[in-house]
Amino acid sequence: MEDTTKLNTSKLGTKKYWDDFYSLERGNFKENPEDTGECWFNDNDAEQRMVDFVTENLAEFDNKESKVIDLGTGNGHLLFALCEDDFAATMLGVDYSEESVRFAKEIAASKEYDVSFAQADIFDASWNPGEFDIVLDKGTLDAIALSGLTVGENKRPVVEVYHTVIEKILKKNGVFLITSCNFTQEELTKIVQSEHLEVWETIKYPVFEFGGVKGSTICSIAFVKK
Ligand SMILES: C[S@@+](CC[C@H](N)C(=O)[O-])C[C@H]1O[C@@H](n2cnc3c(N)ncnc32)[C@H](O)[C@@H]1O
């Protein structure tokens, strides 16, 4: 059977694409400080659903001692939305695009959000940001899957090693919440689930039906580290 977790490559999987993208968004923001850029998966209300999931199900981490990291943070909007909902954890956004990090820092400074940002390629073996109570991914694995890149001497596809990155930075009993529009719930589970990461919860989205097949264009899964 065809392995549907392997996607074709696309320019959305290149760093240059994201550098150019966030450079443009920075320019727009300079001209209009209300334009904080694209909110990925906005049509599905994914960001607010993720924020609601965190504030409702992970209230134990609603304090400065708890740590949250957003992988491939883009314009940082997901973390800013958590701030807007008064979620009090210490927050860090990382992205391999320098332009993304500059942009997110500019928004944070102008709106006085208490969020840090750092540039990092999450597959860089020397990247060691410490351990977090909550790890977030909104659309980043989707972009990564389009890169066709491999890592290490064995040249393993990045999608295959993605779960090891999460295992490295997630505390025991910590939660990894990911939203994807490229993978089905089954595919996403197959990619992330491991000896250490198990499915805990999913976020419900409206379901469409076509030709007798039911499905959703987006899925969010929360995994817990055992
Ligand atoms: C589809 S965008 C999503 C951005 C943001 N999460 C959002 O929801 O608006 C994918 C993001 O992943 C970042 N990215 C892709 N590969 C990465 C990697 N290996 N390490 C860190 N960031 C990466 C891109 O620069 C881009 O900001």
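How do the residues of the lining of the largest pocket divide into nonpolar, polar and charged? In this predicted model, the lining comprises 20 nonpolar, 11 polar and 8 charged residues. Here Ala, Val, Leu, Ile, Met, Phe, Trp, Tyr, Cys and Pro are taken as nonpolar, Asp, Glu, Lys and Arg as charged, and the others, including Gly, as polar.

Residues are numbered from 1 along each chain as its sequence is written, and side-chain values use heavy atoms, without hydrogens and water. Because the model is predicted, local features need pLDDT of at least 70 and side-chain atom pairs count only at pLDDT 80 or more, whereas totals for chains, interfaces and linings use all residues.

The largest pocket has a volume of about 670 Å³ (the space filled by probe spheres set on grid points, which are joined across faces, edges and corners). A pocket is an open set of points on a 1 Å grid over the protein atoms alone, where a 1.4 Å probe fits, with protein on both sides within 12 Å along at least five of seven lines; lining residues have an atom within 4 Å of a point. Of the 39 lining residues, W18, G72, G139, T140 and A143 lie nearest the centre of the pocket. Helix α5 gives the largest share of this lining, 4 residues (helices are DSSP runs of H or I, at least four residues, numbered from the N terminus).

Now to the ligand, which sits in this largest pocket (more than half of its atoms lie within 2 Å of the grid points). Around the ligand are 18 residues, each with a heavy atom within 4 Å, and W40, G72, D95, D121 and K138 come nearest. Helix α5 again gives the largest share, 3 residues of the shell.

The protein buries 96% of the 590 Å² that the ligand exposes when taken alone (Shrake-Rupley method, 1.4 Å probe).

Note on methods
Helix = DSSP H or I, 4+ residues; strand = E, 2+ residues; numbered from the N terminus.
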